[in-house]
Amino acid sequence: MADWSLLRRLCNTPGVSGAEDQVREIILEEIRPYADSIEITPLGNLIAVKKGRERARKKLMLDAHMDEVGFLVTFIREDGLLKMTAAGGINLQVMPGRPVAIDTVHGLVPGVIGAKPIHLLDEEERGKAVPLKDLYIDIGAASREEAAALVSPGDRVVFRSVWDESHGRLKARALDDRAGCALLVDLMKKDLQYDMTFVFAVQEETGQSGSRTAAHIVAPDAAIVVEATTAGDSAGVPEEKRVCSLGKGPVVTFMDHGAIYDRDYYRLAFEAAAEAGVPCQSKLGVAGGNDARVIHASGEGVRPVSVSLPCRYIHSAVGMISQQDYHDTLAMLQRLAEKIAGGEPAAAE
């Protein structure tokens, strides 16, 4: 039976953009015995180098981000209710009634996202998502003073979620991108043929500033961005919009809203999957974006490829991935990383 303890710890640890410290400490604890050098950058990125049996022919940077989507407290009302702003793109359609936890200097403070009661909504309001400006967090405080004794503006807010391993799936909060972080940790623990640099980045969900600065420090020739991406195999989604599916292996992207990926590395990813004996799928659509947006345009230019885990209900309170997809992605990722670090292919066409 697979050991999911690391991923479970990562998913259950608060780490909204700009407050990834607790997540970084867990990763540090895991990789210290395997890293040949470790650096924490001013923004909070964790950069680790692992030497392989041979010196790399291409300097390869593997990137996953530590932050998750969530909220920040912006204001405490006179009645003790908290106003908030979003950190990252969050689906607001199912927010009212969601349990949350506010990460404060006093520890986690439980609350619930509130809105106007459904019985008081008019017909037009009932058919729409509640705008963020009309949502609030209720911690049960009766006054501003009572709430302010526990919570401050700027405190991060995370969903209180589940961890479930049934039916060959994993259901949890923050699989984007704690699953990517866990994959990089698992890869670092393997016997690698070539030297590689591993970046656990901050603030991807709010503008990719972590990876922008990390790429400047590392100055790689090539980069593999390891992510979770939207799985479209859900009820009500037309076939042509099901950009990828659970259970069909890692996802390789040819283009998104932030980058056009290296053609040769895109093809190489499918070769690596075949050699590893695992399935692999294209992301059949152009949407979203990730840290490749800034990495590929750093320095004199970096050749990028994106390897993702398909994830249902991404950027919500609970995501879902396939356990088999995770194992297959790790196998393919190791083979692809060794090919790129070993200099395959020699140059882009």
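R9 is partly exposed, at 35% relative accessibility. Keep in mind that this is a predicted model. The side chain of R9 meets that of E29 in a salt bridge, 3.6 Å from N to O. R9 sits in helix α1 and E29 in helix α2, residues 21–31, so the pair ties together parts that are 20 residues apart in sequence. E29 is partly exposed too, with a relative accessible area of 48%.

How many salt bridges does a search of the whole structure find? It finds 19. Let me take two further ones.

First, E78 with R144. Their closest N and O atoms are 3.3 Å apart. This pair links distant parts of the chain: E78 is in the loop between β4 and β5, R144 in helix α4, and 66 residues separate them. E78 has a relative accessible area of 51%, so E78 counts as exposed. R144, with 30%, is partly exposed.

Next, D264 with R303. Here the closest N and O atoms are 4.0 Å apart. D264 belongs to helix α7 and R303 to strand β16, residues 303–311, 39 residues apart. Buried or exposed? D264 is buried, at 10% relative accessibility. R303 is buried as well, at 14%.

There is also a network. Salt bridges with shared partners join E275, R335, E338, K339 and E344.

Back to R303, which has a second contact. R303 lies over the face of Y265, at 4.2 Å from the ring centre.

That brings us to the aromatics. The whole-structure search gives four aromatic pairs. One of them is W4 with Y326, edge-to-face, 5.1 Å centre to centre and 80 degrees between the planes. Which parts does this pair tie together? W4 lies in the segment before α1, and Y326 in helix α9, residues 323–341, so the pair bridges 322 residues of sequence. Both W4 and Y326 are buried.

Another pair is F254 with Y266. It is edge-to-face, with 6.1 Å between centres and 80 degrees between planes. F254 lies in the loop between β14 and α7, and Y266 in helix α7, so this pair ties together parts twelve residues apart in sequence. F254 is partly exposed, at 34% relative accessibility. Y266 is buried, at 19%, because the cut-off for buried is under 20%.

Note on methods:
Residues numbered from 1 in each chain as written. Predicted model: local features only at pLDDT ≥ 70, side-chain atom pairs only at ≥ 80, totals over all residues. Heavy atoms only, no water. Phe/Tyr/Trp six-rings, centres within 6.5 Å; stacked < 30°, edge-to-face > 60°. Helix = DSSP H or I, 4+ residues; strand = E, 2+ residues; numbered from the N terminus. Buried < 20%, exposed > 50% of the residue type's maximum accessible area, 1.4 Å probe, protein only. Lys NZ or Arg CZ within 6 Å of the ring centre and 35° of its normal.
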